[in-house]
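Hi there,

Here is the structure I promised to pass on. Have a look at it first, and my notes on what turned up follow below.

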Amino acid sequence: MNEKSLRVLEYNKIVAMLAEHATTPSGRKLCEELKPTDDPETIRQTQKETSDAVSRCYRKGNPSFSGTRDVIPSLKRLSLGSGLSITELLNISSLLKATARARSYGVRDVEPEEYDSLDERFISLAPLTQIGREIDRCILSEEEIADDASAGLQNVRRKLAVTKQRISSQLASMLQSQRTLLQDAVVTMRDGRYCIPVKAEYKSQVSGMVHDQSASGSTIFIEPSAVVKLNNDLRELEIEEQKEIEKVLATLSNLCAPEAETIENDFRTLTELDFIFAKATFARSYNGTEPDFNTDGIISLKKARHPLIPADVVVPIDITLGQDYDLLVITGPNTGGKTVTLKTVGLCTLMGQAGLFIPAFDHSKLAVFREVFADIGDEQSIEQSLSTFSSHIKNIAPILEQADQETLVLFDELGAGTDPTEGAALAISILSFLHNMKVRTLATTHYSELKVYALSTDGVENASCEFDVATLRPTYRLLVGIPGKSNAFAISSKLGIPDYIIDDAKKHLSSDAKSFEDIVSELEHARVDIERKQAEVEALKADLTRERDALTAQQEKLAAQKEKILEDARQKAQSMLQDTKNFVDETIRDLNKKSVGGAQIRSMEEDRTKVRERLDKVSQGSKNKVEPKKNAAGSLSASDLKIGDRILVHSLNLKGTVSTLPNAKGDFYAQMGILRSLVNIKDVSLLPDEPTVTMNQSAVGGMGKIKMSKSAIISPEINLIGKTVDEALPEMEKYLDDAYLAHLEKVRVVHGRGTGALRNGLHQKLRKLKYVKEFHLGEYGEGDSGVTIVVFKER
């Protein structure tokens, strides 16, 4: 891309804003060097990287790459055999810590075929933990090496401590014994040696070496003879300490040398990741989206915004180019938004081709252009004798030489700055040339001749920036297909120009120009009227929708109230019937306790049986009246079904159970023996639960009942998707108990993939269940990693 267009379209400001989101100096440098490319594959790859980084930021937050130091110069010195300084080794340690953090953030537990564009970068990071720990153990700060960095250093520092202690004791003794000879009872350092401050008049009474004197000459700093040898020993030990430190640094340098290539790869990878995530956080700051690129020259921006204008101020625009037309002529008043429209299209194109998200709605389309040419603004120069018109022509000339089907051309006020008639003719000629070359072109103008040219030429379209004459303010809305007016007369009248002057000015318009302006005005009035009527229709539709929803809600409420009344009546009837049964039974028992003959007892038993049968018929009739019939195919709704219900699939003439709840279309999975099939709610009817089975228990000598619970017909699958671990555990345990009692060999527990937290929690519980023989994730065709197959032990 040519630098002039990048500067005119203010691409450098976009890059500066991007660099603010980088966290490392090397990442900021990459941001500042970012340029658009015209290679479709590179654009696709960089957009994919930005998209994957945005997804990771939404899932896990923004990563931190702080601590990434540029160690390339240090590694080059290391390759030449030089040792590293304390600062350089600390930089390597800081880099390795940043590497460990980034790897922990980015490495995911997924199969290679599920990798995104960033996984391989994160996997390639090598924290070299042992080297980092060794550096941190030996080097405490830029000024301090740890005592235990090496055995030699530890030994020397122990000797230093002993020597300093001896010197301190010797001097403390002298301070006590010769206090009258001293200026102060303190020990000072001069030239790295311990001295005492002696009064000048007593210097001959203190044996030792003079190192310094005070500015006034009243104090002489003398190193006593008693500590001269100790000071010499101390100096030798300090030299030896420095040699031991150099040995430690050399050892650490030799430790890093074999891993120099790995460390360099870590630095470069972290820099790239910082750059990619800077693009992601930048995109999130303006709610950017990934554009759909094509090589057909088609631009279709939905609700596009200029990225340098605050979001609460900018007016989004919809604009297309390259489909029905390849040249768009934009007209309208000054400060109406024409130039902003040009820059929005140009900046979105440059940002997209640089791998950045664009400030527009999802699935906006951009074309891949080899060059973007822009002639925007006035670059007149007194020194070069360039007028406004001359500066424009100087810019346009090279554009016409280089423009082709793979370029985007943006003209602001084409043909302005000279005689209007000649300027309009020249502008039409330039646009015709580009149109014949199939160059994608946007041009702004005030010339009516260009509006007529757009109306009369195939593949050329008019557009205008809306202006509200009543308020004298632009609305900044882009209206494609409608030529605009400059509104000079209306604006002048509102600003106080007398009407007689405006009327006289209108007389100077040619009849053709006046006719054309009248047509444009009529079109504008018609458009406003249509938009007003459309708004009224939309308001009416909204009112109808609200009324319909309110009526539906009221009907549902009435139905619920009716159902509640019927349910209350049924419960009252059942209560009355039960009370009657209890009374009859109690009466029979009372009579049995009395001395009544066998014939009378048998007669009363027969009467009791008749009463019970009659009451049962009444009870059953009450139930049939209250509960709606839902056995016919097509009469069920989604709310009538729940997992585990018994159903009859009419098209297959098979009985089964509901495995999943119906979706919006009414489709759900049903288990019919070993067959699991997708059926529709219109093709099934509900079956009653298994009846109670009565069996003789002759071994006990009495009559008993064995009730077959729902566990006998339990579904071979439970769906726990969407539940938390705490919610899912008791539900799964109860289901497995029922399934085990129902003698099922194995069942499917559906938990989904997600983050894996639900799956891990369920697996921990399964390991503790004694009746579970084994469990494993589903294979291909069974649900893969979103399903766990549980196999029960034999009973």
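In this predicted model, the largest nonpolar core has 89 residues, of which Ile139, Phe277, Leu301, Leu408 and Leu442 touch the most other members. By nonpolar core I mean a set of buried Ala, Val, Leu, Ile, Met, Phe, Trp, Tyr and Cys residues joined through side-chain atoms within 4.5 Å, where buried is under 20% relative accessible area with a 1.4 Å probe, protein chains only. Helix α11 (residues 260-285) gives the most to this core, namely 12 residues. Leaving aside residues up to four places away in sequence, Leu442 touches Ile319, Leu321, Leu328, Ile330, Leu342, Val345, Leu408, Val409, Leu410 and Phe411; contact means heavy atoms within 4.5 Å. Another core, of 21 residues, lies apart and includes Tyr453 and Val460.

On the whole protein: 40% of its 795 residues are buried. It has 21 helices and 27 strands, which are DSSP runs (H or I, at least four residues, for helices; E, at least two, for strands) numbered from the N terminus.

Ile86, Leu89 and Ile92 of α6 meet Leu249, Leu252, Ser253 and Cys256 of α10.

Residues are numbered from 1 along each chain as its sequence is written. Local features need pLDDT of at least 70 and side-chain atom pairs 80 or more, while totals for chains, interfaces and linings use all residues, and side-chain values use heavy atoms, without hydrogens and water.

Best wishes

Notes
Buried < 20%, exposed > 50% of the residue type's maximum accessible area, 1.4 Å probe, protein only.
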